[in-house]
Amino acid sequence: MRKTINGLSVFISGSNDSKAIIFVHGFPFDHTMWQAQVDEFGKYYLCVSYDIRGLGESPVGDGQFTMESFVDDIEMILDELKLSKTILCGLSMGGYISLRALEKMQERFSAAILCDTRSEADNNEGKLKRAAGIKRINTEGLEPFAKEFITNCFGQDFKQNKKDDFEKIIEKSSHFNPVGVKGGLLAMLSRSDTTTNLGKINIPALLICGEQDALTPPPVMMDMFHRINKAYFVEIPKAGHMTPIEDPHVVNEAIRDFLIKNNL
Ligand code: MLT
């Protein structure tokens, strides 16, 4: 079922009587990056995925986004769907949003699944890279930016063996609204650092990272793992930054184990 909440395109599957998982996608992708997880966990949970403002089918508005406004959107979705103690699952930028949501309203969640993400804010080099990305979109259009960015996101295995899927993903993101994509870059560039809050997370957290993740490599996520009280860490062999797409079978197994171990 598709619903519009606070203007956002929200996709819901599974039964209302079940525990809920909310999936927050990465940049510059859309809710479909969680398809394999929604297909599997929709059998047992209420699965809620959505397109982050400015990306996919969600509206761009003025393109002025912050991590805070992205967290407000999650809050609206939880309120509208009357969800409590939801399992929060975010990848990369979806992880930044999730980490900030945990800082702000941890009581609304029963567990967190953090994939290929980091708690540190951008350093100077990172901020300049985002600025260069915005300039490139302004001068060359979205396509070359999307192609290069997304190419860095995937591991070699996926790019070689799932060439068609890989190209379809680039093609789709290349047609997003450039204003929304630039808004996402600005929101990431200006986000706060959530590292000091990691020690205050008192719900179970599963950390998943691709062995070949070039953007948020395993040592970065291992550091987060050591700071969270009840954390589990799973490295996905041969995968890059987009683990749920690159190896859905192993990722789903890790999520299933985590949910069972924690009676979720
Ligand atoms: C993402 O996958 O959401 C992005 O790689 C995050 C980022 O650029 O920091």
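Hi everyone. What we have is a predicted model, where local features need pLDDT of at least 70, side-chain atom pairs count only at pLDDT 80 or more, and totals for chains, interfaces and linings use all residues. Residues are numbered from 1 along each chain as its sequence is written, and side-chain values use heavy atoms, with hydrogens and water left out.

Asn262 sits in the segment after α11, which covers 248-261. Which residues does Asn262 touch, leaving aside its neighbours within four places in sequence? The partners are Pro204, Lys230 and Tyr232. Asn262 is buried at 13% relative accessibility; buried means under 20% relative accessible area, exposed over 50%, and partly exposed in between, with a 1.4 Å probe and protein chains only. From Asn262 to Ile203 there are 59 residues along the chain and 9.8 Å between the C-alpha atoms.

Now the whole chain. It has 11 helices and 8 strands. For those, helices (H or I, at least four residues) and strands (E, at least two) are DSSP runs, numbered from the N terminus. Along the principal axes, the C-alpha atoms fill a box of roughly 50 × 40 × 35 Å.

How much of the chain is buried? The share is 56% of the 264 residues. Among contacts with a separation of 6 or more, 78% come from residues 24 or more positions apart.

The chain carries 30 positive and 36 negative charges, and their mean positions are 2 Å apart. Lys and Arg count as positive and Asp and Glu as negative, while His and the chain ends are not counted. Each charge is placed at NZ of Lys, CZ of Arg, CG of Asp or CD of Glu.

Next, please look at helix α3, residues 93-105. Its 13 residues reach 18 Å from the first C-alpha to the last, close to the expected 18 Å at 1.5 Å a residue; the expected span is 1.5 Å times one less than the number of residues. Because 11 of the 13 residues are buried, α3 is largely enclosed by the rest of the structure. Those buried residues include Tyr96, Arg100 and Met105. Ser98 belongs to this helix too, with a relative accessibility of 0%. Beyond its sequence neighbours within four places, Ser98 contacts Val24, Leu88, Cys89, Gly90 and Leu114.

Thr86 is in strand β5, residues 86-91, and is buried at 0% relative accessible area. Not counting residues up to four places away, the contacts of Thr86 include Ala20, Ile22, Leu78 and Phe109. Val10 is in strand β2, residues 8-13, and also counts as buried, at 0%. With the same exclusion of residues up to four places away, Val10 touches Met1, Val48, Tyr50 and Ile77, among others. Val10 and Ser58 are 48 residues apart in sequence, yet their C-alpha atoms are 8.7 Å apart.

Most residues other than glycine have a negative phi, and most peptide bonds are trans. Where is the cis peptide bond? That bond joins Phe27 and Pro28, with omega about -5°, and Pro28 is in the loop between β3 (20-24) and α1. Lys85 has a positive phi of about 50°; Lys85 lies in the loop between α2 (67-80) and β5 and is partly exposed at 48% relative accessibility. Lys238 likewise has a positive phi, near 65°, in the loop between β8 (231-236) and α10 (243-246).

Terms used: Contact = heavy atoms within 4.5 Å.
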